[in-house]
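Please look over the sequence and the fold before reading the points below.

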Amino acid sequence: MRPNLSRGAIIALFGLLVPVALSGQNAASEESLRSESSTRETARFLLTPIGARSVGLAGAITASRAEAEGVLWNPASVAALDRSALFFHVANDFGTSTQVLGFLWNWRKAELGLTYYHFDMGTIEARDNGNQDIGTLDLQDDAFIVTAGYALTPDVDLGINYKFVRLSSACSDDCGGFDQRSTGHAFDLGTVIEIPSARGLSLGLVLRNLGTGVRFGDAGTSDPMPTRLRLGAGFDVTGSLMPEEERFGVLLQGDMQQTVSEFDDLEGYLGTEFSLRRILYLRAGYAWASAGRSGLALGIGLRYDRLALDMGRAFDDFAGFDSDSPFQLSLAFLF
């Protein structure tokens, strides 16, 4: 017989996991944290927009519940799923391609998941100091994600991700034929809370990519993970004002994100979702973000029986109308 964990045991377990995940971060002094610049961050592919619903909402996803894409943004979002799920995401973005394949297993009040995340930056020319071509450079990154989400109460969900990150670079021809792989570890800790006194309102909070960094070679130093603190809110307009209405729905969501090592780069994300009979979903949003990520986003989704299909498109500084346009496709099957 499988063990039945009590609520108190779950709280205690989560309380133990948080300090363990934070221990690597506390190893650096407070002064070092304040002076750390995000320009040294590594594994930044973990911040790349991925997941068609998330992209269609311009990244306003943190307060979502029963959402398989929470594996990538807020692990607490998966806790409210009442089924197991198999999901796949594919994206191309500014010359890169991304594939994500994951599985979530529903077990009582918990969702347990395993996800493989592959980020391919393609092949680029390697040049020496004299700008002479010396070969080709292949850059590929991977993350293996273990997820646990737990419905603590009908209104409170908790979630944690563990990420094993691997960065790979290989150069051929005259640049030495080297093949280098570096690894690191990171955690996501999140929660989603529905406010009982305010029907339709939910809040989400997640600390993403918390870890000690990635060590390169034998230098003895490591570059920091792209740690972000993210706060989100969602409001189900029709669920609040017309709870019996099932023909259409309106959802508003908003996120704010802050780099943990800096205090002057607050980013904002707003999104809205219109649904018709819980089958057809139309999405739009706008992001105020750094690194050329500000701009409009649009998306569409279909839900039929246990199948979910989503498409999303961002119109940020990287957007164009060629094969490198930031297009997203997501497919999920619930069972």
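**Overview**

Aspartate 93 counts as buried, because its relative accessibility is 6%, under the 20% cut-off. The place of this residue is in strand β1. The model is predicted, and the protein in it has 5 helices and 15 strands. Of its 335 residues, 46% count as buried. Among the contacts with a separation of 6 or more, 53% are between residues 24 or more positions apart.

- The C-alpha atoms of aspartate 93 and methionine 121 are separated by 9.5 Å, and the two residues are 28 residues apart along the chain.
- Histidine 118 lies in strand β3, and phenylalanine 119 is found in strand β3 as well.
- Histidine 118 counts as buried, because its relative accessibility is 12%.
- The side chain of histidine 118 makes a polar contact of 3.2 Å with the side chain of glutamine 140.
- Leaving aside neighbours within four places in sequence, histidine 118 is in contact with Ser97, Thr98, Gln99, Gln140, Asp141 and Asp142.
- Phenylalanine 119 has a relative accessible area of 6%, so this residue is buried.
- Phenylalanine 119 touches Phe45, Thr48, Thr96, Ser97, Thr98, Leu139, Gln140 and Asp141, when residues up to four places away in sequence are not counted.
- Between phenylalanine 119 and glutamine 99 there are 6.7 Å from C-alpha to C-alpha, while in sequence they are 20 residues apart.
- In a regular strand, side chains alternate between the two faces of the sheet.

- Serine 84 lies in the loop between α4 (70–73) and β1 (85–93).
- Serine 84 counts as buried, because its relative accessibility is 8%.
- A polar atom of the serine 84 side chain lies 3.0 Å from the backbone nitrogen of asparagine 106.
- The contacts of serine 84, leaving aside neighbours within four places in sequence, are with Leu104, Trp105, Asn106, Phe333, Leu334 and Phe335.

**Pairing of strand β7**

- Strand β7 (residues 201–215) runs antiparallel to β9, and 8 bridges join the two.
- Within this pairing, leucine 207 stands opposite leucine 229 in β9.
- β7 also pairs in the antiparallel sense with strand β8 (residues 222–223), over 2 bridges.
- Valine 214 has aspartate 223 in β8 as its bridge partner.

**Glycine 301 in β13**

- The place of glycine 301 is in strand β13.
- With a relative accessible area of 1%, glycine 301 is buried.
- Glycine 301 and glutamate 273 are 28 residues apart along the chain, and their C-alpha atoms are separated by 9.8 Å.
- Glycine 301 is in contact with Ile279, Leu280, Tyr281, Arg283, Leu309 and Asp310, leaving aside neighbours within four places in sequence.

**The cavity**

- Rolling a probe the size of a water molecule over the atoms shows where empty space is left.
- A search of the whole structure finds 1 cavity of 30 Å³ or more.
- The largest cavity holds about 60 Å³ of space.
- Its lining is made up of Leu46, Thr48, Ile50, Val71, Leu72, Trp73, Tyr117, Ile145, Lys163 and Arg208.
- α4 gives the most to this lining, with 3 residues.
- By class, the lining of the largest cavity has 7 nonpolar, 1 polar and 2 charged residues.
- Thr48 lines the largest cavity and is also touched by phenylalanine 119.

**The second largest pocket**

- About 800 Å³ of space lies in the second largest pocket.
- This pocket is lined by 42 residues, and Leu47, Thr48, Pro49, Ser290 and Arg293 are those nearest its centre.
- At least two residues of the lining come from each of α3 (52–56), β3 (110–127), β9 (228–236), β10 (248–259), β11 (267–276), β13 (295–304) and β14 (307–315).
- The lining of the second largest pocket has 20 nonpolar, 11 polar and 11 charged residues by class.

Technical notes
Residues numbered from 1 in each chain as written. Predicted model: local features only at pLDDT ≥ 70, side-chain atom pairs only at ≥ 80, totals over all residues. Heavy atoms only, no water. 1 Å grid on protein atoms, 1.4 Å probe; cavity = no way out; pocket = protein on both sides within 12 Å on 5 of 7 lines; lining within 4 Å. Points joined across faces, edges and corners; volume = space filled by probe spheres on them. Helix = DSSP H or I, 4+ residues; strand = E, 2+ residues; numbered from the N terminus. Nonpolar A, V, L, I, M, F, W, Y, C, P; charged D, E, K, R; others polar. Pairing = 2+ DSSP bridges. Buried < 20%, exposed > 50% of the residue type's maximum accessible area, 1.4 Å probe, protein only. Polar contact = N/O pair within 3.5 Å; in protein donor to acceptor, adjacent residues only side chain to side chain. Contact = heavy atoms within 4.5 Å.
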